[in-house]
Amino acid sequence: MINATGHGLIVRLKASQSFPAGITLTAFADDKDPFKLSDITVNEFAMGMNGDAVAFGKAGGIPLSMALIENTEDDKKMQMILEANRIAKNKNSVQDVIEITAIFPDGTKTTYKDGVLLTGTSGVSVTQNGRRETHNYTFMFGDKS
């Protein structure tokens, strides 16, 4: 039998400046996709003016998002990384290079390398049902192993 559970996922995240030794994340949300890889484009297809088919490879990053329960220790650390990388007037950005290793319950590991934090929820929002909103963080990676 195949067991496809994600329960027990552990993520090790290294941020080159903010947390060079790395942090462990386990406080994944239940109201958004907790750990999601998005589709990537590896080829493009076009038709020439006279109907000739042309295909060509396309380099691109690997998009990944994580949703963490708001105000947990994991989320507080990610908020620190978000703030450290945010650019504003009279504020320096640390420009962290991110590495994430996902460790699944069956022992499978995947490491995403040469990444950056693209977006994150800064501050506290409240949903229509009165719950503090889950914080979502998105990344883009250059490679994986």
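I began with the surface. The accessible surface of the protein chain comes to about 9,200 Å², and carbon and sulfur atoms account for 52% of that area. I note that this is a predicted model.

Next I looked up burial and extent. The protein chain has 145 residues, of which 29% count as buried. Its C-alpha trace spans about 60 × 55 × 40 Å along the principal axes.

Then charges. I found 15 positive and 17 negative charges in the protein chain, with mean positions 6 Å apart.

I listed the elements. There are nine strands and one helix. From the N terminus the order reads β-β-β-β-β-β-α-β-β-β. I also checked contacts between residues at least 6 apart in sequence: 62% of them join residues at least 24 apart.

I turned to the largest nonpolar core. It holds 24 residues, and those touching the most other members are Leu-13, Phe-35, Met-66, Met-78, Ile-81, Ile-100 and Phe-139. Helix H1 (73-85) supplies at least two core residues, as does each of strands S1 (10-15), S2 (19-25), S6 (62-68), S7 (98-103), S8 (109-120) and S9 (135-144). S6 gives the largest share, four residues.

Setting aside neighbours within four places in sequence, I found Leu-13 in contact with Gly-22, Ile-23, Leu-25, Met-66, Met-78, Ile-81, Ile-98, Glu-99, Ile-100 and Phe-139.

Last, the S4 and S5 hairpin. Strands S4 (residues 43-47) and S5 (residues 53-57) run antiparallel, joined by five bridges. Asn-43 has Gly-57 in S5 as its bridge partner. Five residues lie between the strands, and Gly-51 takes a positive phi near 90 degrees in this hairpin.

How values were computed
Residues are numbered from 1 along each chain as its sequence is written. This is a predicted model: local features need pLDDT of at least 70, side-chain atom pairs count only at pLDDT 80 or more; totals for chains, interfaces and linings use all residues. Side-chain values use heavy atoms; hydrogens and water are left out. Two strands pair if DSSP finds at least two bridges between them. A nonpolar core is a set of buried Ala, Val, Leu, Ile, Met, Phe, Trp, Tyr and Cys residues joined through side-chain atoms within 4.5 Å. Buried means under 20% relative accessible area, exposed over 50%, partly exposed in between (1.4 Å probe, protein chains only). Contact means heavy atoms within 4.5 Å. Accessible areas come from the Shrake-Rupley method with a 1.4 Å probe; for residues, only the protein chains shown count as cover. Lys and Arg count as positive and Asp and Glu as negative; His and the chain ends are not counted. The place of a charge is taken as NZ of Lys, CZ of Arg, CG of Asp or CD of Glu.
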